[in-house]
Amino acid sequence: MMKKMSMMLSLLAVNLLAEGQVVILDSVSVTALREEEKVVDQPLSISKKGEKEIELDQVIFQKDLLNSMAGVRVEQTTSVIGHKTSIRMPSTTGPYYLFLQDGIPVQSSGFFNHNGLAYTTYSTATSAEVLKGAGTALYGSDAVAAVVNVQSAKAPSAEYEGRARVSGGSDGFVSGLVESSDTIDEKQSYRANVGYSRSDGWRDHTSYDRVEANMRYDYLFNDDNAFKIMLSGSKTDAEQADSFEDYAKIEEGSTDASDDPNFYTALEKTDVRRKFDYVRLSVEWDNYSFKDLEISTTPYIRYNRNQYVATWEKNLPSNDSQQVSLGLLQKNTYEQPWGRIVFGFDTEYTNADQAYNQDFDLDIAGAWGNPDVNYTAGPIYDYKVAYFAVAPYIHSDVALLEELTLSAGLRFDYNRFDYTNNLSVGTDPSGIYYRPADRTDDFNHLSPKLSLNYHPFEKFTLYARYANGFRIPQASRLYSQKANTQDIILDPETTNTFEVGLKKEFAQSYLELSTYYMTIDDTITRYTDDATSQNYYENGESTIHKGVEVTAYAQLLEDWGTKLAYSYSQHNYDNDKKYGDNEMAEAPNHTANARLIYTPSYLHGLSVMAEWVYVGTYWMDNDNTKEYDGYSLGNLKADYRMNDTVSFFGKVTNITDERYASSASLGWSESYTPGDPRQFYGGLELRW
């Protein structure tokens, strides 16, 4: 069996960097069914970025890792390491993405954090994959628009190898990485690394410190049993600036933390920063004792903590949310000449603590005739949630003809919240927040999947796919209520993805084209009460998302290659009670990433890449009253491996020093998050 062979050989694998081109698309991915499959053969849209391209990108932020993929847009927020994601959706903080590391969710579905990639060890990733659209039967809640999988430590080396990597750059940026790997004996091998980075930030109040660590230990018990133990963790402490209300601050290149006097008042009253803490331990046990059957069992334990000051709230409350999770991924693959059946179940139990606190007394004058609000220092919310999820699933591939395969999947999810309130029931002293009484909420959903894969000749695939998905309401939406909205009942959102596409590998080039139509029903939408100016959430109508994605790579000449990732998309409300059929905010129709790669034959080991990044025009508000023009950036990156021991690397980002907003929105006022100015980075790596 392919998986058994790869597991046994991983102990003897030698990690060699391929000569020649940097951005030949990796031919094998693992995300769709948690096992190795050729990308070109899979009846779905999945983008993969391999180790060599990641090294050339010199990843500092999440956007560096993912934004070269078609239809993928990650933008950093004002908390520096925080981010918003846009994949077949507008740029959003909503739970439409399932973030994984090494195939394991980095957070519970009931406690989605839109900054979830900050939990992963993204800056030391060895590969990254994005499965677009609703996930396969192996994925449940949150796998609505995409599944994002960051791979940490790769397979251990056959012989001892070590490396040290140091770099520095603009505005006090420094980073370092040390890694060690070896095969201990015929049964045991390991790989471990730890990385550190910090920066003063190019704007005021945007410094950060971050640590990442990964450990992998492979143990071959016998011919039928193999174990892989993985430990990953990250810790981030970041200051948090504010957006600008006046776009002139962007145009003049202001380094101020804000142009709102209230932000500086907040700095006097509280510690405006964001902290992420994450650690996960997992054990993957692969068993091959039974003929034609592979059994994979992966228990894991995970800890998440997210702390911040809610600067978007007038009273500046502080948040501290913690979750400890125990989970199990159980998968079985039965292979026959006619196809295969993949079946199993996922389950997770999470113990969550939520503290939302008013750290100081504050009086705020009422606006538009509303009464004054008096906030008293003390707890706003203090509750616990015991969350339980279990989901059996089945997936099958059946060869109808030699060149035609039918795939079908079914997944049943059951999710339960047991909520315990530690404070008095009812409104807090301000009269703004509401604390529900103890209660239990449960949700279930059946998700069918179906696809046809036409493979008339080698390295060419035509496919059609349908996938149903869903996402449950978050604990914070259910239990962190505002006054006068406590009677709102939230239902899960459901989604249907329809997709057709083609994939073709040529001798020295690759083309992938996909077109999709996705609907989301019962959207959990934020509305504003005109009488009280309070925001609240309830199920709306539907939204429609459709588009075309193109990924193309070509070796133009012996020394030159090019890669294009382009997306055209439209995102609309569908008969919404407030927004009608309007386009959704922060949803550019056009995005693109183009790369020209030069690897000169006369200077062995040198790779140079010129990169163009484009984000088109989009509406800043759901009422479609104001547009932002988008932006266009140029970057230059280089890596020179002088010999087997020494290499140098560097990059210049935003090479023309473009003044732009990475995010632009319109609520009660305009809000622009300034994009990074021109930045310089460089470093040295030693291997032994």
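Start with the open sheet of five strands: its order is E3-E8-E9-E6-E7, and the pairing is mixed. Strands here are DSSP runs of E with at least two residues, helices are runs of H or I with at least four, and both are numbered from the N terminus; two strands pair if DSSP finds at least two bridges between them. This is a predicted model, where local features need pLDDT of at least 70, side-chain atom pairs count only at pLDDT 80 or more, and totals for chains, interfaces and linings use all residues. Numbering runs from 1 along each chain as its sequence is written, and side-chain values use heavy atoms, without hydrogens or water.

Select 46–49 and 104–105 next: these are E3 and E7, the edge strands, each pairing on one side only. Then pick 127–132 and 146–151, strands E8 and E9, which run antiparallel and are joined by six bridges. Glu-129 sits opposite Asn-149 in E9.

Now for the cavities (on a 1 Å grid over the protein atoms alone, sets of points where a 1.4 Å probe fits but cannot get out; lining residues have an atom within 4 Å of a point). To find it, select Val-59, Ser-123, Thr-124, Arg-165 and Leu-177, which lie nearest its centre among 36 lining residues. Helix H2 (51–57) and strand E10 (161–169) are among the elements that each supply at least two residues of that lining.

Last stop: the second largest cavity, at about 460 Å³. Of its 33 lining residues, Lys-63, Asp-64, Asn-67, Val-613 and Asn-635 are the closest to its centre.

Note on methods
On a 1 Å grid over the protein atoms alone, a cavity is a set of points where a 1.4 Å probe fits but cannot get out, and a pocket is an open set with protein on both sides within 12 Å along at least five of seven lines; lining residues have an atom within 4 Å of a point. Grid points are joined across faces, edges and corners, and a volume is the space filled by probe spheres set on the points.
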